[in-house]
Amino acid sequence: PVIYWFRRDLRLSDLPGLSAAASSGGAIIACFILDDEAPGDWQLGGASRWWLHHSLTALDDDLRERGTRLVVRRGSTTEVLSQILEESGAHAVYCSHHLEPWNRALDEQLSKSLAVPLHPHPGVLLHDPAQLKTQAGGNFKVFTAFWKTARRVIEVGPALPAPGADAFASHALPGLGIADLGLTPTAPDWASHWQDLWQPGEDGAAARLASFLEDALARYADGRDIPAAGDTSRLSPHLHWGEVSPAQVWRDVVAAAPPDSESRDRYLAELGWREFNHYLLYHYPHIDQRPFQQRFGEFPWLADQAWFQRWTRGQTGYPLVDAGMRELWQTGFMHNRVRRVCASFLTKHLLLPWQWGARWFWDTLVDADLANNSGGWQWVAGCGADAAPYFRIFNPVLQGEKFDPDGGYTRHWVPELASVPDRYLHAPWTAPAKIIDSLAFRLGQDYPLPIVDHKTAREAALAAYKGL
């Protein structure tokens, strides 16, 4: 037999490593290892653990339909793989090639320590970051130039079918039950309603993609910034956990829209940003902790834990920010436009470190991805590659008025504001006293006054930036 080691590629179709294992001539033994020692500083957050539990369950169900099962174990990846090799007599290990710094180090270690060959295969990205260079031979630091070059070299071939039942081994290797990994919350079960919101697994990813293509892709160019519209794909957790390949998303989007479609180009560019963030992490592995632009290492961030706690709880007094933070806590997700507003508010209104925000998102997002999370936060904070200028400071009131004008999104997540007229919804403290007195809540008690004044905070942020 051969081992297929599932990592963060929890699917059976369009998976190059699994197809290679099926073509090797050996029956496949599928395994998953929860290694609590790797990845060091970035242990799985709570939302990620919930998703992983359900995704592994779906994968195991798919394997059982093929007459086999997922061997689940916990411990050092090197030690556990060696044990499975010894118990099974397998002559090779196949897997997908993951590019986070710890995964690259792990692959190198396994190549030296395993008694059989390790065969990592692509499938996580559309391109190989090691192969893409500027004309001068350097690394890309600007998205537009990167994407122009990447689109020329990306080749998306036909989809690889899932191996049939005859490709897998029937075996009696011991393993843990998925529930034994303790991935889901219990005291309290804050995710008890999440299965009504999400369908982790390959089937869920396929259904989500089909729904997006049918219902929202045509409106994506205009609707993607409107949080109440539902015109984004919400595929990010499925892509992160490898339940659908980026190549499959690319194929289906290209097939579903005409070549001159603005919505198609904008969505493919979002896949491009995913590629760009992984490219940056590959070439600059420090960006999960330190700013890409070194001068921001001296930025005079504040350390106000009370402000940070109010931001995490959606109690800043700015309705769109609070709506986003509450959506995140209650669903494990936040609309992309609102993510930017919330991140800008933390770093440029409260002057709190982007690393604090990145850590909070890492723990609370079901799509928490090291490359995208680090790249996104640095982009908003102004210290990343090709980042928004630091002096671009989102006005949370104007953002709400522009992208949630009728308040459908804000009122859903901040129901205290249900009775506030649209005109004052995104700045209720500006309403005349007569209107405030008539509302069904007490401003400053049932809903907080703004934690900071926008104009004052903006001036302080600009002064700090000029001090660099």
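These legends describe close-up views of one predicted model. Local features need pLDDT of at least 70, side-chain atom pairs count only at pLDDT 80 or more, and totals for chains, interfaces and linings use all residues. Residues are numbered from 1 along each chain as its sequence is written, and side-chain values use heavy atoms, with hydrogens and water left out.

**View 1. The largest nonpolar core has 92 residues.** A nonpolar core is a set of buried Ala, Val, Leu, Ile, Met, Phe, Trp, Tyr and Cys residues joined through side-chain atoms within 4.5 Å. Buried means under 20% relative accessible area, exposed over 50%, and partly exposed in between (1.4 Å probe, protein chains only). F146, V249, Y267 and W311 have the most contacts inside this core. Helix α10 (residues 262-283) gives the most to it, with eight residues. Helices (H or I, at least four residues) and strands (E, at least two) are DSSP runs, numbered from the N terminus. A second, separate core has 35 residues, including Y4, A30, L59 and W241.

**View 2. F146 and its contacts.** Contact means heavy atoms within 4.5 Å. Neighbours within four places in sequence are left aside. F146 then meets H127, L132, F140, G272, E275, F276 and Y279.

**View 3. L125 sits in the loop between β5 (118-121) and α5 (143-153).** Its relative accessibility is 11%, so L125 counts as buried. Not counting residues up to four places away in sequence, L125 touches L99, P246, R274, E275 and H278. L125 and E275 are 150 residues apart along the chain, yet their C-alpha atoms are separated by 6.5 Å.

**View 4. Helix α3 (residues 77-88) crosses helix α4 (residues 101-113) at roughly 40 degrees.** Their axes come within 10 Å. Axes are lines fitted to C-alpha atoms, for helices over the stretch in contact, and angles run from 0 to 180 degrees between N-to-C directions. T77, T78 and L81 in α3 meet L106, Q109, L110 and S113 in α4. The residues of this contact divide into three nonpolar, four polar and no charged. Here Ala, Val, Leu, Ile, Met, Phe, Trp, Tyr, Cys and Pro count as nonpolar, Asp, Glu, Lys and Arg as charged, and the others, Gly among them, as polar.

**View 5. The peptide bond from A187 to P188 is cis.** Omega is near 0 degrees. P188 lies in the loop between α5 and α6 (202-215).

**View 6. R234 has a positive phi of about 55 degrees, although it is not a glycine.** R234 lies in the loop between α7 (220-223) and α8 (236-240). With a relative accessible area of 26%, R234 is partly exposed.
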